[in-house]
Structure formats: structure tokens, C-alpha cells
Amino acid sequence: MNSCIIGGPLWKLNIFPSTEQTFWSRVDKRERRDCWLWQGGLTAKRYGQFSVRGRPMLAHRVAWIIHHRIAVPAGKRIIQTCWNRLCCNPAHLRLGTYKTHAARGNKSGRQTKPEAWSGKSVGTSKTSQNCPVSVELSEATTPGIATNLGMTA
Ligand SMILES: [Zn+2]
């Protein structure tokens with residue numbers, strides 16, 4: 001039903017079953033409601049970092065990709081609803097925008113913005129702007145990986 005945002009097979013993202021195994025072996029998996037903490041390396045901003053074929057990616061982003069079996073839609077980022085930068089629990093990860101995240105950064109309370117929190121339903125019924133989703137991972141592999149708040153411009 002979400003054919004619109006299917007980003008292609010994971011192997012196109014260089015994520016293979018063995019990659020998944022390695023990835024989850026570095027996550028402290030717990031109950032669904034708990035945070036699943038990343039046990040591997042960190043970025044400068046102390047987000048989890050996982051290398052896919054030598055290319056650094058944000059760990060929670062990889063967790064979302066593996067869980068949903070799709071690429072992150074272009075222009076979107078993965079937000080940790082629990083505010084735990086190391087959390088890789090797919091239940092705590094949502095699709096959002098850079099803009100939303102920046103706005104959230106200024107406030108302490110949680111906001112409920114439907115367009116930012118609708119998760120997988122993004123792009124299903126409205127415009128076709130979100131399709132096709134680019135399969136590229138450049139957003140996460142550029143040197144600016146740790147400074148993504150400043151990437152909106
Ligand atoms: Zn969490």
C-alpha cells in the first residue's frame with residue numbers, strides 16, 4: 001500500500017542480510033517500549049554510527065531502513081521520538097523533516113505535527129512529490145553527516 005515510497009531492494013543500498021546481522025548485533029535489543037541502545041561507534045555529535053561498506057551512516061537511520069525495507073524518502077530524516085540519540089528501536093523512529101526537527105529543538109515539549117509524524121503514510125495519498133524516492137544515501141554519507149541541522153538552508 002505504500003508502493004509510492006518504496007525505495008527499492010535493500011541491496012541497492014548495500015544493505016545485505018549479513019549487514020543487517022552485523023547491525024543488530026551492535027544494538028541492545030529490548031522490549032518494544034524500551035530504547036534499544038546502539039553499542040557501536042559514534043559520530044561527533046554522539047549519534048550512533050554504522051558503516052555500510054565503508055560509508056558511515058547514522059545508526060538509527062539504518063535501523064529505520066532495515067525495519068521498513070525502504071530507503072528514507074528524499075528530504076526526510078529519521079527522528080527519534082524518545083530523544084535518545086543512541087536509540088535504534090524502530091518503534092521509536094519516525095520520518096520527519098529537517099525543518100520540523102529544527103523547530104522541535106527550540107522547545108522542550110513534544111509537538112504533534114501530522115505531516116511530520118505520519119510515518120509511513122507520508123506520500124501515500126497526497127501529491128506525488130514524494131515519488132519516486134531517491135535511493136541515494138548521500139545525505140548520510142556526506143561529511144556533513146553530523147551537522148545535518150545546518151543542512152536545510
Ligand atoms: Zn528509544
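User: How many bridges join strand β3 (residues 49–52) to β4?

Analyst: These two strands run antiparallel. Strands (E, at least two residues) and helices (H or I, at least four) are DSSP runs numbered from the N terminus, and two strands pair if DSSP finds at least two bridges between them. The number of bridges joining β3 to β4 is four.

User: What is the mean pLDDT of the protein?

Analyst: This is a predicted model, in which local features need pLDDT of at least 70 and side-chain atom pairs count only at pLDDT 80 or more, while totals for chains, interfaces and linings use all residues. Residues are numbered from 1 along each chain as its sequence is written. pLDDT is the predictor's confidence in each residue, from 0 to 100, and 59% of the residues here reach 70 or more. The mean pLDDT of the protein is 73.

User: For which residues does pLDDT stay under 50 while the model has 64 contacts beyond four places in sequence?

Analyst: Two residues are in contact if their C-beta atoms, placed from the backbone, lie within 7 Å. Residues 1–7 also have pLDDT under 50, with 19 contacts beyond four places in sequence. Where pLDDT is low, the predicted coordinates should not be read in detail. The stretch with 64 such contacts is residues 111–153.

User: Which residue in the turn of the β3 and β4 hairpin has a positive phi?

Analyst: Most residues other than glycine have a negative phi, and most peptide bonds are trans. The hairpin leaves two residues between β3 and β4. With a positive phi of about 50°, the turn residue to look at is R53.

User: Is R46 buried or exposed?

Analyst: R46 sits in the loop between β2 (37–38) and β3, and its phi is near 65°, a positive value in a residue other than glycine. A residue is buried if 20 or more other C-beta atoms lie within 10 Å of its own, exposed if 12 or fewer, and partly exposed in between, with C-beta atoms placed from the backbone. Because R46 has 10 other C-beta atoms within 10 Å, this residue counts as exposed.

User: How many of the 10 residues of α2 are buried?

Analyst: The buried residues of α2 are A59, H60, R61, V62, A63, W64 and I65. Just after α2, R69 takes a positive phi of about 60°. The helix is mostly covered, and its count of buried residues is seven.

User: Why is β5 largely enclosed by the rest of the structure?

Analyst: In a regular strand the side chains alternate between the two faces of the sheet. Here both faces are covered, with K76, I78 and Q80 on one side and R77 and I79 on the other. β5 also runs antiparallel to β6, joined by five bridges. The strand is largely enclosed because its buried residues number five of five.

User: How far apart in space are I15 and I66, C-alpha to C-alpha?

Analyst: I15 lies in the segment before α1 (17–25) and is buried, with 21 other C-beta atoms within 10 Å. Beyond its neighbours within four places in sequence, I15 is in contact with L10, E20, V52, I65 and I66. I15 and I66 are 51 residues apart in sequence, yet their separation in space is 8.0 Å.

User: What distance separates the C-alpha atoms of C82 and H92?

Analyst: C82 is in the loop between β5 and β6, and counts as partly exposed with 16 C-beta neighbours inside 10 Å. Leaving aside neighbours within four places in sequence, C82 is in contact with C35, C87 and H92. C82 and H92 are 10 residues apart along the chain, and their C-alpha atoms are separated by 6.1 Å.
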